[in-house]
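Here are my notes on the model you sent.

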Amino acid sequence: MTAGILAPPSSSASGSDARPDAVQRALNTLVRDDAMPAALASVKDRNGRTRTYTAGVGELATGSKVPRDGQVRIGSNTKSFTAVVVLQLAGEGKVGLDAFVDAYLPGLVRGEGIDGRRITVRQLLQHTSGLPEYSSHLGDDVRYYAPRELLATALRHPAEFAPGKSWKYSNTNYVLAGLIVQKITGHSLADEIDRRIIKRVGLRHTYFPAPRDAGIREPHPHGYYRESAKTPLRDVTEIDPSWGWAAGQMISTNSDLNRFFTALLAGRLLPSTQLAQMRTTVPAEATFGPGARYGLGLASRPLPCGGLSWGHGGSFPGYETRSGATDDGRAASVAVTTQLTGAAARRSLERAVDTALCR
């Protein structure tokens, strides 16, 4: 179920020459050397031309082809969508970035070293709140989780640091951001993301799964999970994604992610003031790698060919994604069909995105 099926990879690029280009070679490497069942990419150049790529197999049991630009679980790329909605509300004067959480969710956020009267909305979006990580304490119980249950799990544990005193990535921040969106608008977070982002920029293959919806709607590669290096891959394509909610529940394609991040950087989703706030960053190398910085739901990374890529990434059981876009209109997203646990494999995935943006 592993190496014998994974090699040689099945690979293709739309409109490609006989000799694989640099992006195709990068995907082939992810499959061959990093043991990914499949790898998919979509690359948009500064002139708007798009190429899609695949490598590996879509399902190990059957050896089926990888669906071109297939849907995947995008994990923490969801944070960028949630942040955009919060910033849109800020632009409408309905939420203050430097207002305290208690202004919108009074009395909800209390715990050891945790006080919603001391944590701002900006600190949630930038991971400087000090809130503990709920996902570290869920165990292996795969089921439906209500957002407030996720928050309650986090609040049983002490703060990591005082608000504003450090930076540490925590999904709990975005659960609270999603709850604020719902409180202010009176609508579900899924409805607000759909109305304010998905429909506005024409993301035809992107959605926020309904409660207890464990499937993936459109053609997709299967996603796999491995307990350890010595255990076989297990198909986890069908899974309740509610534990990720505002921090990681969405499904999309690489091309839609490129469209989203390109539209965002071009100012089609946020007024200039709020986009500038989103791009105001603090160091985030611990999670996003050398030279990386984090704004409000948006990360920047230096490119080997110069300049910065702006985007995010996502890790979810069965899938790992990385996305980046540049101010001159280039964009690239790459997905693989198992969640990465090692630093070397993560670097290989990031190099594939860099290769696509720098070619």
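**Notes on the model**

1. Trp167 is buried, and Tyr294 is buried too. Keep in mind that this is a predicted model. The relative accessibility of Trp167 is 15%, so Trp167 falls under the 20% limit for buried residues.

2. How are the rings of Trp167 and Tyr294 arranged? Their centres are 6.0 Å apart and their planes meet at 50 degrees, so the pair is tilted. This pair joins distant parts of the chain, as the two residues are 127 residues apart. Trp167 sits in the loop between helix 5 (147-155) and helix 6 (171-185). Tyr294 belongs to strand 11 (residues 293-294).

3. The structure holds eight aromatic pairs. One of them joins Trp167 and Tyr169, with 6.5 Å from centre to centre and 50 degrees between the planes. This pair is tilted. Tyr169 has a relative accessible area of 18% and is therefore buried. Which residues make up the aromatic cluster that includes Trp167? Trp167, Tyr169, Phe288 and Tyr294 form one cluster.

4. Next, helix 3 and helix 7. Helix 3 covers residues 78-91 and helix 7 covers residues 189-201. They pack at an angle of about 90 degrees, and their axes are 10 Å apart. An angle of 65 to 115 degrees counts as roughly perpendicular, so helix 3 and helix 7 fall in that class. Helix 3 contributes Phe81, Thr82, Val84, Val85, Gln88 and Leu89 to the contact. Helix 7 contributes Leu189, Glu192, Ile193, Arg196, Ile197 and Arg200. By class, this contact of helix 3 with helix 7 has seven nonpolar, two polar and three charged residues.

5. Now helix 2 and helix 12. Helix 2 spans residues 22-32 and helix 12 spans residues 343-358. Their axes lie 9 Å apart, at an angle of about 170 degrees. Helix 2 is therefore roughly antiparallel to helix 12. On the helix 2 side, Ala22, Val23, Ala26 and Leu30 make the contact. They meet Ser348, Leu349, Ala352, Thr355 and Ala356 of helix 12. What is the make-up of the contact of helix 2 with helix 12 by class? It has seven nonpolar, two polar and no charged residues.

6. Two residues deserve a look at the backbone. Most residues other than glycine have a negative phi. Ala35 is not a glycine, yet its phi is positive, at about 60 degrees. Ala35 is in the loop between helix 2 and strand 2 (38-44). Is Ala35 buried, partly exposed or exposed? Its relative accessibility is 30%, so Ala35 counts as partly exposed.

7. Arg212 also has a positive phi, of about 70 degrees, although Arg212 is not a glycine. Arg212 lies in the loop between helix 7 and strand 7 (224-225). Its relative accessibility is 57%, so Arg212 counts as exposed. Where does Arg212 lie relative to Tyr144? Arg212 lies over the face of Tyr144, at 4.2 Å from the ring centre.

8. Another arginine lies over a ring. Arg279 is placed over the face of Trp310, at 4.6 Å from the ring centre.

Technical notes:
Residues numbered from 1 in each chain as written. Predicted model: local features only at pLDDT ≥ 70, side-chain atom pairs only at ≥ 80, totals over all residues. Heavy atoms only, no water. Axes fitted to C-alpha atoms, helices over the stretch in contact; angles between N-to-C directions. Helix = DSSP H or I, 4+ residues; strand = E, 2+ residues; numbered from the N terminus. Parallel < 35°, antiparallel > 145°, perpendicular 65-115°, else oblique. Contact = heavy atoms within 4.5 Å. Nonpolar A, V, L, I, M, F, W, Y, C, P; charged D, E, K, R; others polar. Phe/Tyr/Trp six-rings, centres within 6.5 Å; stacked < 30°, edge-to-face > 60°. Buried < 20%, exposed > 50% of the residue type's maximum accessible area, 1.4 Å probe, protein only. Lys NZ or Arg CZ within 6 Å of the ring centre and 35° of its normal.
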